[in-house]
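This report goes through a few parts of one structure, for a reader who has not seen it before. The sequence and the structure come first.

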Amino acid sequence: MPESRSSAATPSPRSGLAQVTIYGAGITGLTAAHELIERGFEVRVVEAARERGADGRERMAIGGLARTQYGRAPRPRGGPWRAPSAREVGADDRGAGSPDPLRICVCFAPRSCALDERGMAAAEQLLDALEDMSSTRLRVTGFAGGDDDFPAGDGQNRVLARRRAEAVRAFLGESCGVDPGQVVTHAVSVEADERRRGVPRAWQTRARAELRELLGEIDEAEEVEEAEEVEEVEAHERWAVIERDDVVLPGEHGFRFFPSYYRHVFDTLRRIPLLDARGEETGRAVFDRVVSATMQGVAEHGQGNPIVTPRAPPESDLTMTKAFTSLLAKGYSWRDLQQFLERVLRYMATCPRRRAAEYESLSWWDYLCAADPMSGRPRYRYSAAFERDVKFSAKVLAAFNAEWGDARTNGSTYVQLLLDSLIHRDKINGCLDGPTTEAWFAPWRRQLERLGVRFVPGRLVRVERDARGRVRPIVTRGEESTPRPDEEADYYLVATDVITAEAVTRSLPQVGVPGQLAGYATTLPPRPGSAEPAGDAAPTPRDPYTESGRAPWDRLQTLSGIQYFFTTDVKLVRGHMYFGSAEWALSSINQQQFWTRRPFVARDGYSAVLSVDIGAFDRPSTHPPLNGRTAWDCTREELAAEVWRQICEDMGERASSRRPLQFPQPVWYHVDTLLVYGDREGDGRLLPVRNEAPFLIPIVGDWARRPGGDPWSPSRDDEPSPRTPDASEIWQAPHGGYWVHWDSLVFAGTYKRTFTRMTTMESANESARHAVNAILDHFLLSPVAKRRREARLGADPRELRGGVPSRAVDDRTEETGDDNTRLWRPAAPDEAGYDLPYRSTLLGDYCQIWNMEDYELPELDALRAHDERLFARGQPHPWESSFGLGLGGLDLGELGGLGPLLSSLGGREGLRIPTLQESLSALNRVRDVVERELRRAYGGDE
């Protein structure tokens with residue numbers, strides 16, 4: 001995709017409601033740009049990172065951590081399987097002599113496919129520049145179209161382009177002795193819209209310059225004006241480009257996972273159209289590229305074959321029985337399952353206010369153990385196998401920590417994942433049907449540019465205030481190294497990671513989010529619940545890039561991934577595989593089986609890719625050669641070999657038994673490029689020295705320290721009073737929501753408070769929506785924006801509403817916003833039952849927000865409402881006391897979607913939603929079953 005031609009140094013005329021500059025082109029920044037541009041704002045996105053594309057060429061990187069990390073590598077040669085460390089694609093693509101791209105352009109006469117002498121000489125010069133053709137493949141791409149060939153849309157252009165490529169291929173074989181099997185040909189018909197976008201232009205310009213240099217027509221001291229080159233190339237598309245045909249491998253930070261509760265992300269994906277070759281909408285969207293991984297597997301050393309179970313709700317009691325039997329085969333007891341089920345049920349029957357008050361300062365593991373509040377002793381005990389898996393699987397499943405992560409974040413996320421087994425949903429364990437950038441981010445950027453978003457290269461250095469008190473971001477633009485003030489805008493949205501956000505706001509007055517960010521990433525917080533003296537418990541300064549994860553309760557940890565590429569078909573399971581005994585908390589997926597364009601060796605250089613997430617970089621390996629080293633203490637080669645060994649061991653690879661089971665060996669591997677390797681110990685071994693993307697973990701008690709205001713949903717009118725800022729420099733809408741600093745500066749990111757809570761693509765998307773809603777409110781309600789508002793809307797908003805009076809709140813807020821419309825509950829994009837109208841503003845709808853705790857089992861709504869009343873009166877949860885518990889029998893199956901699960905405790909399936917009395921009675925019965933099991937197991941010791 002070509003870079004935007006717009007310049008950050010030359011402001012364009014203002015055409016929108018207001019100008020918004022967004023710093024960061026990750027999911028947060030792209031979501032904010034999408035929501036703002038659809039509401040009439042003028043939007044710029046500033047991004048500094050660059051990354052290779054699917055064609056192996058460098059361009060602006062969009063998508064943040066989720067983007068594809070394409071890397072180049074030489075084509076594989078035949079022979080025996082290679083060990084993973086034989087070839088690797090590193091951050092700079094220097095692994096195993098991987099060459100830099102080399103290409104030239106051959107020119108043709110109009111409507112001709114015959115090479116002239118100049119073209120032949122160019123091809124010969126290229127071959128002379130290649131040292132070893134025996135292991136090199138060439139790619140020849142023919143172009144046709146434009147003014148000198150056939151008219152745009154004429155099918156003869158593609159035929160002519162193919163003939164030009166074949167003519168070059170024939171010359172290389174007949175006159176230069178190149179094996180035809182070493183040359184791959186492609187054809188491109190350049191249409192009018194592609195000419196306008198300059199799709200092949202930059203490629204041809206650079207190739208033509210290389211050709212002139214090869215032919216000796218350019219002296220090294222000669223200055224060639226790029227404008228002249230572009231003008232000459234633009235004159236026609238009569239080219240064939242010859243280049244070395246390397247493999248471009250789609251590496252990544254970690255595999256993409258789209259669980260069914262990603263309502264914000266899915267809503268965005270539905271609004272990104274897929275275009276055809278002419279740039280016309282096809283009627284399909286990126287959402288259609290999310291496919292469900294219907295199965296999941298658990299592999300564990302010593303258990304034989306992996307346990308494979310469906311992700312969808314069980315179709316029969318037999319299916320459910322088999323699932324429970326497989327869990328018992330892992331070494332769990334019925335008591336484990338009963339206790340765990342009780343705790344999950346209790347959580348789902350707990351109101352949000354109690355969750356906030358009691359569970360955010362409690363770990364998930366302590367909650368599962370049901371510690372007695374008086375004695376502190378755990379009432380529930382689990383088997384060693386169950387305890388190990390619960391503590392370890394949290395890191396594997398969703399990148400949280402059962403021992404140090406708060407129970408509310410863990411519990412709410414687990415419930416959403418559990419519902420996939422109870423409720424039929426549109427997307428379950430979703431993954432994309434192609435590499436992330438190709439399937440998602442490339443179409444997204446095209447759509448945003450179609451809507452008018454400008455993408456400009458630049459790096460945010462700091463945010464400061466000028467002499468007049470205005471917010472002025474300081475940036476470096478493009479290749480410049482000298483910081484200077486950025487283009488002026490009405491609003492600035494910092495959509496970076498938390499470390500960058502803290503660094504760029506140090507020059508600002510330390511109020512609001514800048515004040516709360518101070519030390520947030522650059523200090524190690526004290527141990528939660530520590531009884532040490534205050535001085536000993538003070539935060540410890542540290543470099544977050546080199547010292548994250550120094551303690552298990554550190555909010556910043558190292559989580560990363562590795563991909564293995566094979567030249568044969570490899571599939572472990574049709575979905576995600578979890579490795580129960582892997583010391584480094586591994587999970588994987590064979591992504592290529594879900595891709596629409598399946599890779600194969602002849603064209604792509606590989607046939608399968610296994611993407612692995614590493615969840616425990618701080619855990620020592622017991623493999624003797626590593627001598628107790630962690631993943632952080634291994635070289636790339638050692639990391640790749642050890643991860644592959646742990647996978648093979650859990651999958652049951654046995655090379656020395658009577659019936660050997662062995663897997664094909666990867667040809668290459670790709671380690672996350674955000675892990676920077678260097679000579680850390682001074683012994684020549686390249687070890688991790690820096691993690692460019694530490695992962696934010698929800699730690700016990702840390703939610704209260706999240707910067708900024710609480711999330712606000714336009715669909716609810718019963719939210720608690722907002723946490724208002726205590727500084728006059730900060731503006732907040734009367735109903736709450738994110739803060740606007742100095743009437744222009746807003747922050748968004750996964751470190752902010754969201755209903756999603758976890759550090760995920762979903763929370764990044766949701767946070768951007770909260771930030772956009774804050775900008776909408778400020779634009780419509782703030783006196784500071786009045787002149788701007790009237791200039792764009794043509795009148796005061798009250799006049800546009802027909803003179804409806806509004807109530808003043810304070811001197812910084814003109815209107816409450818309550819006059820816009822009623823508060824209505826929206827429809828979830830994939831669920832029935834919530835089909836009421838949605839709340840709008842004078843600029844259109846608010847960004848839609850979904851609180852996932854509102855979308856749990858409706859069968860338990862009555863219990864949650866009852867617990868809400870008990871909590872308001874200061875009374876314990878119904879489970880903790882007999883207060884309000886109904887007596888009398890009830891078939892547990894009457895709890896609708898829980899029927900299949902609860903049938904193991906004696907219930908029958910049913911469809912009716914129970915009353916409050918019946919729900920309480922059912923809860924009482926479940927409690928009796930668990931308590932009876934405890935007494936039987938411990939003889940009343942508990």
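## Helix α13

Helix α13 is mostly covered, with 11 of its 12 residues buried. The buried residues are A407, R408, T409, N410, G411, S412, T413, V415, Q416, L417 and L418. The model described here is predicted.

Helix α13 runs over residues 407-418. From its first C-alpha to its last, α13 reaches 16 Å, close to the 16 Å expected at 1.5 Å a residue.

## Nonpolar cores

The largest nonpolar core holds 69 residues. I22, F41, V43, F258, L269 and W440 have the most contacts inside it. At least two residues of this core come from each of several strands and helices, including β1 (19-23), β2 (42-47), α7 (263-269) and α14 (436-451). Helix α20 gives the most to this core, 11 residues.

Beyond its neighbours within four places in sequence, I22 is in contact with G29, A32, A33, L36, V43, R44, V45, V46, L493 and A495. Another core, of 33 residues, lies apart from the largest one, and Y564, F566, A608 and I647 are among its members.

## Helices α10 and α23

How do the axes of α10 and α23 cross, and at roughly what angle? The axes of α10 (residues 352-359) and α23 (residues 861-872) come within 8 Å and cross at roughly 55 degrees, which means that α10 is oblique to α23.

On the α10 side, the residues in contact are P352, R353, R354, R355 and A357. They meet R864, D867, E868, L870, F871 and A872 of α23. The contact has six charged residues, five nonpolar and no polar ones.

How values were computed. Residues are numbered from 1 along each chain as its sequence is written. This is a predicted model: local features need pLDDT of at least 70, side-chain atom pairs count only at pLDDT 80 or more; totals for chains, interfaces and linings use all residues. Side-chain values use heavy atoms; hydrogens and water are left out. A nonpolar core is a set of buried Ala, Val, Leu, Ile, Met, Phe, Trp, Tyr and Cys residues joined through side-chain atoms within 4.5 Å. Buried means under 20% relative accessible area, exposed over 50%, partly exposed in between (1.4 Å probe, protein chains only). Helices (H or I, at least four residues) and strands (E, at least two) are DSSP runs, numbered from the N terminus. Contact means heavy atoms within 4.5 Å. Axes are lines fitted to C-alpha atoms, for helices over the stretch in contact, and angles run from 0 to 180 degrees between N-to-C directions. Angles under 35 degrees count as roughly parallel, over 145 as roughly antiparallel, 65 to 115 as roughly perpendicular and the rest as oblique. Ala, Val, Leu, Ile, Met, Phe, Trp, Tyr, Cys and Pro count as nonpolar, Asp, Glu, Lys and Arg as charged, and the others, Gly among them, as polar. The expected span of a helix is 1.5 Å times one less than its number of residues.
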